[in-house]
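Reader: Please take me through how strand pairing and chain crossovers should be read in a model of this kind.

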Number of protein chains: 2
Amino acid sequence: MRILMSKMEGPEGFRTYSPGSPLTGYGVAKVLESGHPDYKKGDLVWGFTRWEEYSLVPASLILFKIEHTDVPLSYYTGILGMPGMTAYAGFFEVGLPKKGEKVFVSAASGAVGQLVGQFAKLTGCYVVGSAGSKDKVDLLKTKLGFDDAFNYKEEPDLNAALKRYFPEGIDIYFENVGGKTLDAVLLNMRVHGRIIVCGMVSQYNLDQPEGVTNLANLIFRRIRMQGFNVADYYQLYPKFLEYVIPKIKEGKIVYVEDIVEGLEKAPPALVGLFSGRNVGKQVIVLAHE
Amino acid sequence: MRILMSKMEGPEGFRTYSPGSPLTGYGVAKVLESGHPDYKKGDLVWGFTRWEEYSLVPASLILFKIEHTDVPLSYYTGILGMPGMTAYAGFFEVGLPKKGEKVFVSAASGAVGQLVGQFAKLTGCYVVGSAGSKDKVDLLKTKLGFDDAFNYKEEPDLNAALKRYFPEGIDIYFENVGGKTLDAVLLNMRVHGRIIVCGMVSQYNLDQPEGVTNLANLIFRRIRMQGFNVADYYQLYPKFLEYVIPKIKEGKIVYVEDIVEGLEKAPPALVGLFSGRNVGKQVIVLAHE
């Protein structure tokens, strides 16, 4: 059994990306042979497994052992893996949310965004998401429980759109896209707001990123804007599982995956992330258990 | 005795600025009459005194009583007033500096920047400042004790300049100017660096602010970029005086002022702030004690 996922990692990973690099490709795998005392044949693990059907994993790379197998194993590439920890660490540890706060999430139906919105609702926040298609917006408003959602491609004036959804302003922005969206958000933040900078996917493939012009609002509104990397927070992984697994089992958190089969589907799936083709967490299945 | 200073305040203060507004103009004044139990005739105070020779101050505006008079009273418009508290709160409370860290300060010879650099040196940091003239750069390197300094107007490539002064990168950037300088700094920050956003003076008078294009580094380098307003930190004022007054008396901290006489000099002095005409804290003297 082996599931490989198409998300890239590492600092500036999207620039240096190559499928064979040891730091690319989070996946779920079964141990076939092990010379490491902590892992034995038959163990299920998740971590950096690369884009390949069989991997030789050096001891220096951390693999997390999978203890809970009464959930879909693919969840360990998403809600129970790196994207889940990213949403958890970013929203709770960086964002320090309080009940009643107003939260905006971009790329809200993605691997991370869909969880941030659900964590926000569970915290008693008001949450609005943006996404790039009607299907995604419907998903946010129905299955994922966002208070509201909009299609940014149908909003010629993002500032006006945000003022409509947040007449009193935004306390927490979970940033996945960058560029024009960030610039509009900066005009709509509340005093002492937080901008959790998780990704800027709209900017990664541009020769010249869009300039952000409204940063002086960081001063006027006393905003904290903070980038983070999930790697700094894995010590919280057990606490995270304690928080999230019961909620999955009780149906209080759901997770949307976009599953394709076969390693040959991985490159187009990766490219699709940048055009927004996928709906939910992109997963590539290489083998079934 | 009355000293009025030309710095504006308040959220978006520079946009709504008018000299008669109660939130513009920090100054030092002597109480001539008082109906408030905490202030009596002859008390020296500093706070929002407006651009005028005599002021009627409503009880709702806080004035700080001046207890230490064995320093120049003009210091209460600068090092012992709002700019001093701004440097202190920004550098220590927002920046959380550690001994040995590398600190960059823009507008480094200004009312706030000159103190940030000295606080950094007293904390055991390496500190480099940028300013807009040879005189200012000389001041930073000699009188103000910066490890190094450069004239940004003579650096066609700010990124290259920062790489020269910070071959290992910047831990803390004290941001006073915004625009191109910030964009170059973002390319030179170290992992877990902090950008303390105090001002963006290069942008305030532009119809269209310069776009900042390198914000994705906030993610790759896990940077916290935080705006603040000194008004949130005045509860630390007594602690600040305890820190700074002995250092002034022992000559461990110096303060450079640019003093002109007469209220009629205030408007051109204000305009001069945006072109960098002043050297050090701009003070307008209205009357001597």
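**Reading strands and crossovers**

Author: In strand 10 of chain A, Met225(A) is the bridge partner of Ile195(A). This is a predicted model, in which local features need pLDDT of at least 70 and side-chain atom pairs count only at pLDDT 80 or more, while totals for chains, interfaces and linings use all residues. Residues are numbered from 1 along each chain as its sequence is written, chains are lettered from A and ligands numbered from 1 in the order in which they are written, and side-chain values use heavy atoms, with hydrogens and water left out.

Reader: Which strands of chain A pair in the parallel sense over five bridges?

Author: Two strands pair if DSSP finds at least two bridges between them, strands being DSSP runs (E, at least two residues) and helices likewise (H or I, at least four), numbered from the N terminus. Here strand 8 (residues 170-175) and strand 9 (residues 189-197) of chain A pair in this way. From strand 8 of chain A the chain crosses through helix 6 (residues 180-186) of chain A to strand 9 of chain A, in a right-handed β-α-β crossover; right-handed means that, with the strands pointing away from the viewer, the path from the first strand over the helix to the second runs clockwise.

Reader: Is Asn214(B) buried or exposed?

Author: Buried means under 20% relative accessible area, exposed over 50%, and partly exposed in between (1.4 Å probe, protein chains only). Asn214(B), which lies in the loop between strand 9 (189-197) and helix 7 (217-220) of chain B, has a relative accessible area of 16% and is therefore buried. Leaving aside residues up to four places away in sequence, Asn214(B) touches Asp183(B), Leu186(B) and Leu187(B), where contact means heavy atoms within 4.5 Å.
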